[in-house]
Amino acid sequence: MSVEKFAQHLYGTAISTDLRETAWIVPAVQSIHIVAIAAVIGAAIVMDLRLAGVLATDETPRGVVKRHLPWMWAGLAVLLTSGFVLGLAEPYRVLTNLVFWVKMALVLTGFTLTLLFRYPILHPDYRIEHARAAKLIKPMAWASLAIWVLVVFCGRWIAYYQ
Amino acid sequence: MVPSLETQSGLMQTLYDSAIGTAIRESGTLFPWIESVHVLMIAIVVGTIAIVDLRLIGFSSHRRGARQLIVDMLPFTWVAFVFAIITGSLLFLSNATGYYESMPFRFKLLAIVIAGLNMAVFHLTAYRRIGEWDDRLPTPNAAKIAGISSLTLWILIVFLGRWIGYSYPLA
(Lines give C-alpha, C1' and ligand atoms only; values in the text may rest on other atoms or scores of the structure.)
Protein backbone atom coordinates (compact mmCIF):
# COMPACT_ATOMS: atom_id res chain seq x y z
CA MET A 1 0.00 0.00 0.00
CA SER A 2 1.41 3.39 -0.99
CA VAL A 3 1.88 6.23 1.49
CA GLU A 4 -0.86 8.20 -0.28
CA LYS A 5 -3.33 5.31 0.00
CA PHE A 6 -2.44 4.81 3.65
CA ALA A 7 -2.86 8.53 4.39
CA GLN A 8 -6.20 8.48 2.55
CA HIS A 9 -7.36 5.47 4.55
CA LEU A 10 -6.25 7.06 7.84
CA TYR A 11 -7.96 10.34 6.93
CA GLY A 12 -11.27 8.51 6.53
CA THR A 13 -11.18 6.72 9.90
CA ALA A 14 -13.57 7.81 12.63
CA ILE A 15 -10.80 8.78 15.06
CA SER A 16 -9.04 10.99 12.48
CA THR A 17 -12.32 12.72 11.63
CA ASP A 18 -13.16 13.24 15.32
CA LEU A 19 -9.73 14.78 16.02
CA ARG A 20 -10.12 17.17 13.08
CA GLU A 21 -13.69 18.16 13.79
CA THR A 22 -13.10 19.14 17.41
CA ALA A 23 -11.67 22.60 16.75
CA TRP A 24 -9.47 22.95 19.86
CA ILE A 25 -7.72 19.54 19.71
CA VAL A 26 -5.12 20.27 17.01
CA PRO A 27 -3.95 23.66 18.42
CA ALA A 28 -3.93 22.25 21.97
CA VAL A 29 -1.84 19.21 20.96
CA GLN A 30 0.46 21.47 18.91
CA SER A 31 0.96 23.68 21.99
CA ILE A 32 1.83 20.63 24.12
CA HIS A 33 4.23 19.61 21.32
CA ILE A 34 5.97 23.03 21.50
CA VAL A 35 6.23 22.94 25.33
CA ALA A 36 7.81 19.46 25.03
CA ILE A 37 10.33 20.62 22.40
CA ALA A 38 11.20 23.49 24.78
CA ALA A 39 12.01 20.89 27.47
CA VAL A 40 14.17 18.95 24.99
CA ILE A 41 15.98 22.11 23.80
CA GLY A 42 16.61 23.22 27.41
CA ALA A 43 18.06 19.82 28.35
CA ALA A 44 20.07 19.69 25.10
CA ILE A 45 21.58 23.15 25.66
CA VAL A 46 22.85 22.26 29.14
CA MET A 47 24.06 18.70 28.36
CA ASP A 48 25.57 19.41 24.94
CA LEU A 49 27.28 22.64 25.98
CA ARG A 50 28.68 20.92 29.08
CA LEU A 51 30.10 18.12 26.93
CA ALA A 52 31.37 20.68 24.40
CA GLY A 53 33.26 22.31 27.28
CA VAL A 54 31.35 25.60 27.21
CA LEU A 55 28.91 25.55 30.16
CA ALA A 56 29.24 24.47 33.82
CA THR A 57 32.68 22.96 33.15
CA ASP A 58 33.37 22.81 36.90
CA GLU A 59 30.55 20.26 37.29
CA THR A 60 31.09 16.59 36.33
CA PRO A 61 29.50 15.47 33.03
CA ARG A 62 27.78 12.73 35.02
CA GLY A 63 26.09 15.19 37.39
CA VAL A 64 24.86 17.31 34.48
CA VAL A 65 23.62 14.38 32.38
CA LYS A 66 22.01 12.72 35.41
CA ARG A 67 19.86 15.79 36.00
CA HIS A 68 18.91 16.60 32.41
CA LEU A 69 18.73 13.27 30.54
CA PRO A 70 15.47 12.16 32.25
CA TRP A 71 13.83 15.44 31.21
CA MET A 72 15.04 14.91 27.66
CA TRP A 73 13.56 11.38 27.56
CA ALA A 74 10.30 12.69 29.06
CA GLY A 75 10.20 15.51 26.51
CA LEU A 76 10.84 13.11 23.64
CA ALA A 77 8.10 10.76 24.89
CA VAL A 78 5.58 13.64 24.96
CA LEU A 79 6.76 14.78 21.51
CA LEU A 80 6.28 11.31 20.08
CA THR A 81 2.80 10.93 21.61
CA SER A 82 1.55 14.41 20.67
CA GLY A 83 3.17 14.12 17.22
CA PHE A 84 1.37 10.81 16.70
CA VAL A 85 -1.99 12.45 17.50
CA LEU A 86 -1.23 15.31 15.07
CA GLY A 87 -0.31 12.83 12.34
CA LEU A 88 -3.50 10.89 12.99
CA ALA A 89 -5.60 14.06 12.71
CA GLU A 90 -3.96 15.29 9.50
CA PRO A 91 -2.23 12.33 7.80
CA TYR A 92 -2.02 14.06 4.40
CA ARG A 93 -0.28 17.06 5.91
CA VAL A 94 2.57 14.94 7.27
CA LEU A 95 2.89 11.49 5.71
CA THR A 96 3.20 12.77 2.14
CA ASN A 97 5.46 15.65 3.20
CA LEU A 98 9.21 15.40 2.49
CA VAL A 99 10.07 17.79 5.37
CA PHE A 100 8.28 15.44 7.80
CA TRP A 101 10.47 12.50 6.76
CA VAL A 102 13.62 14.64 6.97
CA LYS A 103 12.49 15.61 10.47
CA MET A 104 11.96 11.95 11.43
CA ALA A 105 15.45 11.05 10.14
CA LEU A 106 16.91 13.91 12.22
CA VAL A 107 14.96 12.81 15.33
CA LEU A 108 16.26 9.25 14.89
CA THR A 109 19.83 10.56 14.53
CA GLY A 110 19.45 12.84 17.58
CA PHE A 111 17.99 9.94 19.57
CA THR A 112 20.86 7.63 18.56
CA LEU A 113 23.52 10.25 19.43
CA THR A 114 21.86 10.74 22.83
CA LEU A 115 21.88 6.98 23.49
CA LEU A 116 25.51 6.54 22.37
CA PHE A 117 27.06 9.66 23.91
CA ARG A 118 24.88 10.50 26.93
CA TYR A 119 23.67 7.21 28.36
CA PRO A 120 27.17 5.75 29.12
CA ILE A 121 28.02 8.92 31.10
CA LEU A 122 25.49 7.88 33.76
CA HIS A 123 27.72 4.93 34.73
CA PRO A 124 29.46 5.72 38.06
CA ASP A 125 32.89 4.58 36.73
CA TYR A 126 32.63 6.71 33.59
CA ARG A 127 35.57 9.07 33.01
CA ILE A 128 35.17 11.32 30.03
CA GLU A 129 38.90 11.32 29.19
CA HIS A 130 39.01 7.50 29.15
CA ALA A 131 35.82 7.07 27.14
CA ARG A 132 36.08 4.90 24.05
CA ALA A 133 35.24 7.70 21.63
CA ALA A 134 36.65 10.54 23.75
CA LYS A 135 37.70 12.57 20.72
CA LEU A 136 34.21 12.38 19.27
CA ILE A 137 32.40 13.68 22.35
CA LYS A 138 32.89 17.41 21.63
CA PRO A 139 31.99 17.37 17.92
CA MET A 140 29.06 15.04 18.64
CA ALA A 141 27.80 17.41 21.34
CA TRP A 142 27.68 20.25 18.80
CA ALA A 143 26.13 17.94 16.20
CA SER A 144 23.43 16.87 18.64
CA LEU A 145 22.55 20.48 19.52
CA ALA A 146 22.43 21.39 15.80
CA ILE A 147 20.12 18.42 15.14
CA TRP A 148 17.54 19.52 17.74
CA VAL A 149 17.61 23.04 16.28
CA LEU A 150 17.03 21.63 12.78
CA VAL A 151 14.19 19.50 14.15
CA VAL A 152 12.42 22.69 15.31
CA PHE A 153 12.90 24.29 11.87
CA CYS A 154 11.59 21.20 10.07
CA GLY A 155 8.62 21.06 12.43
CA ARG A 156 7.53 24.56 11.46
CA TRP A 157 8.25 24.00 7.75
CA ILE A 158 5.94 20.98 7.53
CA ALA A 159 3.13 23.54 7.50
CA TYR A 160 4.58 25.41 4.51
CA TYR A 161 6.27 22.83 2.30
CA GLN A 162 4.01 20.92 -0.08
CA MET B 1 -7.25 49.32 29.04
CA VAL B 2 -6.67 48.38 25.42
CA PRO B 3 -7.35 51.35 23.10
CA SER B 4 -10.25 50.88 20.73
CA LEU B 5 -9.55 49.74 17.21
CA GLU B 6 -10.82 53.05 15.80
CA THR B 7 -8.19 55.19 17.56
CA GLN B 8 -5.39 52.77 16.66
CA SER B 9 -6.44 51.73 13.19
CA GLY B 10 -4.42 54.51 11.52
CA LEU B 11 -1.20 53.40 13.22
CA MET B 12 -1.87 49.70 12.55
CA GLN B 13 -2.60 50.45 8.88
CA THR B 14 0.68 52.43 8.66
CA LEU B 15 2.59 49.46 10.16
CA TYR B 16 0.75 47.09 7.79
CA ASP B 17 1.74 49.27 4.82
CA SER B 18 5.37 49.68 5.98
CA ALA B 19 8.09 48.45 3.61
CA ILE B 20 9.18 45.65 5.99
CA GLY B 21 5.61 44.54 6.69
CA THR B 22 4.78 44.46 3.00
CA ALA B 23 7.99 42.61 2.10
CA ILE B 24 7.30 39.84 4.65
CA ARG B 25 3.63 39.58 3.65
CA GLU B 26 4.35 39.39 -0.07
CA SER B 27 7.30 37.00 0.13
CA GLY B 28 6.43 33.31 0.05
CA THR B 29 9.31 32.27 2.30
CA LEU B 30 10.17 35.18 4.67
CA PHE B 31 7.25 34.54 7.02
CA PRO B 32 7.98 30.82 7.63
CA TRP B 33 11.71 31.50 8.11
CA ILE B 34 11.07 34.27 10.65
CA GLU B 35 8.39 32.13 12.32
CA SER B 36 10.80 29.17 12.60
CA VAL B 37 13.39 31.37 14.34
CA HIS B 38 10.59 32.73 16.58
CA VAL B 39 9.54 29.19 17.60
CA LEU B 40 13.18 28.18 18.23
CA MET B 41 13.74 31.26 20.41
CA ILE B 42 10.56 30.56 22.39
CA ALA B 43 11.73 26.96 22.88
CA ILE B 44 15.06 28.27 24.26
CA VAL B 45 13.31 30.86 26.48
CA VAL B 46 10.78 28.35 27.88
CA GLY B 47 13.31 25.48 28.09
CA THR B 48 15.92 27.47 30.04
CA ILE B 49 13.33 29.23 32.24
CA ALA B 50 11.77 25.85 33.06
CA ILE B 51 15.14 24.57 34.33
CA VAL B 52 15.35 27.52 36.75
CA ASP B 53 11.63 27.32 37.68
CA LEU B 54 11.88 23.62 38.51
CA ARG B 55 14.83 24.36 40.81
CA LEU B 56 12.81 27.13 42.49
CA ILE B 57 9.94 24.67 42.94
CA GLY B 58 12.33 22.20 44.58
CA PHE B 59 13.79 19.82 41.98
CA SER B 60 17.56 19.54 42.28
CA SER B 61 19.60 20.60 39.24
CA HIS B 62 23.12 20.32 37.83
CA ARG B 63 24.15 23.12 40.20
CA ARG B 64 23.80 22.69 43.92
CA GLY B 65 23.15 26.40 44.40
CA ALA B 66 20.09 28.11 42.90
CA ARG B 67 22.04 31.34 42.33
CA GLN B 68 24.74 29.63 40.23
CA LEU B 69 22.02 27.84 38.22
CA ILE B 70 20.33 31.19 37.51
CA VAL B 71 23.72 32.64 36.46
CA ASP B 72 24.22 29.63 34.11
CA MET B 73 20.81 29.83 32.42
CA LEU B 74 19.83 33.50 32.33
CA PRO B 75 22.17 34.61 29.48
CA PHE B 76 20.50 32.02 27.19
CA THR B 77 17.05 33.12 28.31
CA TRP B 78 17.73 36.83 27.70
CA VAL B 79 19.46 36.49 24.33
CA ALA B 80 16.69 34.18 23.07
CA PHE B 81 14.02 36.50 24.50
CA VAL B 82 15.47 39.49 22.60
CA PHE B 83 15.46 37.48 19.36
CA ALA B 84 11.91 36.29 20.07
CA ILE B 85 10.82 39.94 20.45
CA ILE B 86 12.58 40.96 17.21
CA THR B 87 11.17 38.07 15.16
CA GLY B 88 7.76 38.49 16.81
CA SER B 89 7.72 42.20 15.88
CA LEU B 90 8.55 41.35 12.27
CA LEU B 91 5.70 38.80 12.15
CA PHE B 92 3.40 41.44 13.68
CA LEU B 93 4.35 44.00 11.01
CA SER B 94 3.39 41.56 8.24
CA ASN B 95 -0.24 41.75 9.39
CA ALA B 96 -0.43 44.51 12.02
CA THR B 97 -4.16 45.17 11.61
CA GLY B 98 -4.94 41.44 11.96
CA TYR B 99 -2.73 40.74 14.99
CA TYR B 100 -3.98 43.90 16.68
CA GLU B 101 -7.54 42.56 16.56
CA SER B 102 -6.57 39.06 17.67
CA MET B 103 -7.64 38.32 21.27
CA PRO B 104 -5.12 35.47 21.84
CA PHE B 105 -2.38 37.87 20.66
CA ARG B 106 -3.51 40.53 23.17
CA PHE B 107 -3.65 37.99 25.98
CA LYS B 108 -0.23 36.65 24.97
CA LEU B 109 1.33 40.12 25.35
CA LEU B 110 -0.48 40.56 28.67
CA ALA B 111 0.82 37.18 29.90
CA ILE B 112 4.40 38.17 28.92
CA VAL B 113 4.03 41.41 30.92
CA ILE B 114 2.73 39.44 33.94
CA ALA B 115 5.62 36.96 33.60
CA GLY B 116 8.02 39.94 33.61
CA LEU B 117 6.36 41.39 36.74
CA ASN B 118 6.51 37.97 38.40
CA MET B 119 10.26 37.84 37.72
CA ALA B 120 10.71 41.41 39.04
CA VAL B 121 8.86 40.53 42.25
CA PHE B 122 11.04 37.43 42.68
CA HIS B 123 14.23 39.46 42.24
CA LEU B 124 13.08 42.11 44.73
CA THR B 125 11.98 39.59 47.37
CA ALA B 126 13.19 35.96 47.57
CA TYR B 127 16.28 36.58 45.41
CA ARG B 128 17.50 39.30 47.80
CA ARG B 129 17.72 36.67 50.54
CA ILE B 130 19.08 33.91 48.29
CA GLY B 131 22.14 33.58 50.57
CA GLU B 132 19.80 32.00 53.14
CA TRP B 133 18.36 29.32 50.85
CA ASP B 134 20.77 29.08 47.88
CA ASP B 135 21.78 25.42 48.34
CA ARG B 136 18.80 24.34 50.40
CA LEU B 137 16.05 21.93 49.36
CA PRO B 138 13.12 22.20 49.78
CA THR B 139 13.07 25.85 48.74
CA PRO B 140 11.20 28.60 50.65
CA ASN B 141 7.56 29.20 49.73
CA ALA B 142 8.29 32.54 48.05
CA ALA B 143 10.65 30.76 45.60
CA LYS B 144 8.13 27.93 45.03
CA ILE B 145 5.37 30.40 44.21
CA ALA B 146 7.65 32.33 41.82
CA GLY B 147 8.63 29.08 40.06
CA ILE B 148 5.10 27.72 39.73
CA SER B 149 3.65 31.01 38.46
CA SER B 150 6.50 31.51 35.98
CA LEU B 151 6.19 27.98 34.58
CA THR B 152 2.39 28.30 34.32
CA LEU B 153 2.62 31.68 32.58
CA TRP B 154 5.19 30.53 30.01
CA ILE B 155 3.18 27.43 29.13
CA LEU B 156 0.13 29.68 28.80
CA ILE B 157 2.15 31.99 26.51
CA VAL B 158 2.96 29.03 24.21
CA PHE B 159 -0.74 28.06 24.06
CA LEU B 160 -1.86 31.65 23.35
CA GLY B 161 0.80 31.99 20.65
CA ARG B 162 -0.42 28.84 18.92
CA TRP B 163 -4.04 29.96 19.28
CA ILE B 164 -3.42 33.17 17.29
CA GLY B 165 -3.34 31.19 14.05
CA TYR B 166 -6.55 29.32 14.92
CA SER B 167 -8.79 32.23 15.88
CA TYR B 168 -10.33 35.40 14.44
CA PRO B 169 -9.09 37.18 12.38
CA LEU B 170 -6.06 35.05 11.47
CA ALA B 171 -7.56 31.56 11.30
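Author: Two residues are taken to be in contact if their C-beta atoms, placed from the backbone, lie within 7 Å. In chain A, among contacts with a separation of 6 or more, 82% come from residues 24 or more positions apart. The model is a predicted one, and chain A has an average pLDDT of 94, with 99% of the residues scoring at least 70.

The setting of the helix pair comes next. Chain A holds seven helices and zero strands, so that its elements read α-α-α-α-α-α-α from the N terminus on. The C-alpha trace of chain A spans about 55 × 30 × 25 Å along its principal axes, and 34% of its 162 residues count as buried. Among the elements of chain A, the highest mean pLDDT (97) belongs to helix 3, and the lowest (92) to helix 5, residues 91-95.

The pair to examine consists of helix 6 (residues 98-117) and helix 7 (residues 134-157) of chain A, which pack at an angle of about 150° with their axes 9 Å apart. Angles over 145 degrees count as roughly antiparallel; therefore helix 6 and helix 7 of chain A are roughly antiparallel to each other. Their crossing is left-handed. On the side of helix 6 of chain A, the residues in contact include Val99(A), Val102(A), Leu106(A), Gly110(A), Leu113(A) and Phe117(A). On the side of helix 7 of chain A, they include Ile137(A), Met140(A), Ser144(A), Ile147(A), Trp148(A), Val151(A) and Trp157(A). By class, this contact of helix 6 with helix 7 of chain A has 15 nonpolar, five polar and one charged residues; Lys103(A) is one of the residues that helix 6 brings to the contact.

Elsewhere in chain A, Ala56(A) deserves attention for its backbone. Most residues other than glycine have a negative phi. Ala56(A) is not a glycine, yet its phi is positive, at about 50°. Its place is the loop between helix 3 (25-51) and helix 4 (61-89) of chain A. Ala56(A) is buried, because 20 other C-beta atoms lie within 10 Å.

Chain B meets chain A through a contact to which chain B gives 24 residues and chain A gives 25. On the side of chain B, helix 3 (30-57), helix 4 (66-94) and helix 8 (141-164) each supply at least two residues, and helix 3 of chain B gives the most, with 12 residues. By class, that side of chain B has 14 nonpolar, six polar and four charged residues.

Within chain B, Ala115(B) is found in helix 6 (residues 103-124). Ala115(B) counts as buried because it has 20 C-beta neighbours inside 10 Å. Beyond residues up to four places away in sequence, Ala115(B) touches Ser150(B), Leu153(B), Trp154(B) and Ile157(B). From Ala115(B) to Gly161(B) the C-alpha to C-alpha distance is 15 Å, with 46 residues of sequence between the two positions.

Chain B also holds cis peptide bonds. One joins Leu137(B) and Pro138(B), with omega of about 0°; Pro138(B) sits in the loop between helix 7 (130-133) and helix 8 of chain B. Another joins Tyr168(B) and Pro169(B), with omega of about -5°, and Pro169(B) lies in the segment after helix 8 of chain B.

Note on methods
Residues numbered from 1 in each chain as written. Chains lettered and ligands numbered in written order. Predicted model: local features only at pLDDT ≥ 70, side-chain atom pairs only at ≥ 80, totals over all residues. Axes fitted to C-alpha atoms, helices over the stretch in contact; angles between N-to-C directions. Helix = DSSP H or I, 4+ residues; strand = E, 2+ residues; numbered from the N terminus. Parallel < 35°, antiparallel > 145°, perpendicular 65-115°, else oblique. Left-handed = near helix turned anticlockwise from the far one by under 90°. Nonpolar A, V, L, I, M, F, W, Y, C, P; charged D, E, K, R; others polar. Buried ≥ 20, exposed ≤ 12 C-beta atoms within 10 Å, placed from the backbone. pLDDT = per-residue confidence, 0-100.
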